[in-house]
Amino acid sequence: MPLPRLRFAPSPTGYLHVGGARTALFNWLFARRYDGKFLLRIEDTDKARSTEESTRAIFDGLNWLGLTWDEDVVFQGANAAQHKADAYKLLESGHAYRDFTTAAELDAMRAAATARGDNFRFDRERAELAPADLTQRLDAGTPFAIRFRVPDGETTWTDLVHGDITFPNKDIDDFVILRSDGSPVYNHAVVSDDIAMRITHVMRGDDHISNTPKQIMLYRALGAPLPEFAHLPMIHGTDGKKLSKRHGAAAVGDWQHLGILPQAMENFLALLGWSPGNDVELMSQAEMIAAFDASGLLKKPSVFDPKKLEWMNGQHIMRLSGEELIPFLTATPGADWIPPDRGRLASIIELCKSRARTTLQLAEHVRPFFVRPDWANPNPAGVKLLSAPSSARYLTAAREAITAVDASWTMEAVHAALHPVPEALGAKAGEVFQPLRAALTGTNVSPEIYAVVFHMGREESIARIESALRTVS
């Protein structure tokens, strides 16, 4: 049995949609699981809508997710000669025929069928021309399309997701494979390319199910082996409707800028239409590859829940070390505050990462350790804490305790110095430490106060407390 060859074949007419990224991921996982090849084909035959910008967005999205392809990218538009040759092969074998009907004549035929209350079907006999008439039209250069001659019977295949699917051939009209201008129709170009690329498995959205019988007929007529088909369920929003921009970020690239890790997005997408079993949710890329199998593909539509994605992202943030998270922090907007001391930065990321579900939130929690509060443009929550009647007294006591810590400056020493302060003042811990938190970070939220003081250091902590005291007074 040959090693599997799968492809992702997007049209470069927009961004890389979440659904497209999920399709690419499933093809990639299948190829990696069974030591096959994952190929990329850009279906750019629609020259009016295809753009280099969209092509670049597809490349960027796949690279961000780590979905590398194994051979040179195929651009469908460059295969016009091959598409035409395959169409004429079908013409010569009798599986297709010339259709000289003009666009105006076709419009009139469709209108007449509608007036009769019938569904339009092309009359094959209309295209049957006497040899002399055919020769005359060809010699005159009369434009013609090439239509596939749909055989009698039915077309059946065993789908890896849905099982046996059958279409009666009588419900399929003789369809055009090559337009009169020489350009291929979608179904023909896809089959021609898949044969040339030696594709063994076609894994795509189930909105393509109606195309599959036509494509199977073309494979058989061209004498090519059939690939296995797997039609993946649609992805819905939380309202049960097909995922779109109205549900928020529908492009994979948007989530990157919203602070989602690529490994989290990959993990999340993998579970939209596939289950590894045993209620497993959190997986690394290697774990997904090892577990991926077509038997786990689901038939029902999946729901794209942004809250679940953020939760999963938080779990993946926790899996990474502070050092590993630095590149994601430096990619956040306004990251010019990030210090050159990466060792200290990594340790503070470790301190803060459990509080974040996105890298944007992580940056918000880490930034106060390196940027002093701006009391000219203060955080309202921090100002409120500092404005309490006893805040100045509490901050003064905390400053004295921090100043008294010996030169060893350990977490234990900081804890031992600060812990008794509230009781000595006759106050609760929160009454003392919340103003201290505001003085140090400018906010009312942070890791444990002892850890904040320790990581900020004696001099910086004292300087910030004194700045806050000036604000209070």
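Are Arg 147 and Asp 99 buried or exposed? Both Arg 147 and Asp 99 are buried, where buried means under 20% relative accessible area, exposed over 50%, and partly exposed in between (1.4 Å probe, protein chains only).

The model is predicted: local features need pLDDT of at least 70, side-chain atom pairs count only at pLDDT 80 or more, and totals for chains, interfaces and linings use all residues. Residues are numbered from 1 along each chain as its sequence is written, and side-chain values use heavy atoms, with hydrogens and water left out.

**Salt bridges**

A salt bridge is a side-chain nitrogen of Lys or Arg within 4 Å of a carboxyl oxygen of Asp or Glu. By this rule the model has 21 salt bridges. The table includes three of them.

| Pair | N to O distance |
|---|---|
| Arg 32 and Asp 70 | 3.0 Å |
| Arg 49 and Asp 46 | 3.6 Å |
| Arg 147 and Asp 99 | 2.8 Å |

Arg 147 lies in strand β5 (residues 145-148) and Asp 99 in strand β4 (residues 96-99), so this pair links distant parts of the chain, 48 residues apart. Helices (H or I, at least four residues) and strands (E, at least two) are DSSP runs, numbered from the N terminus. A network of salt bridges with shared partners joins Arg 7, Arg 41, Glu 43, Asp 193 and Asp 194.

Asp 70 is partly exposed, at 31% relative accessible area.

**Helix packing**

Helix α1 packs against helix α9 (residues 262-270) at an angle of about 85°, with the axes 9 Å apart. Axes are lines fitted to C-alpha atoms, for helices over the stretch in contact, and angles run from 0 to 180 degrees between N-to-C directions. The two helices are therefore roughly perpendicular, a class that covers 65 to 115 degrees. Contact means heavy atoms within 4.5 Å. On the α1 side, the residues are Val 18, Ala 21, Arg 22, Leu 25, Phe 26 and Trp 28, which meet Glu 266, Leu 269 and Ala 270 of α9.

**Ser 461**

Ser 461 lies in helix α21 (residues 458-472) and counts as buried at 0% relative accessibility. A polar atom of the Ser 461 side chain lies 2.7 Å from the backbone oxygen of Gly 457. Not counting residues up to four places away in sequence, Ser 461 touches Ile 402, Leu 440, Val 453 and Met 456.

Methods
Polar contact = N/O pair within 3.5 Å; in protein donor to acceptor, adjacent residues only side chain to side chain. Parallel < 35°, antiparallel > 145°, perpendicular 65-115°, else oblique.
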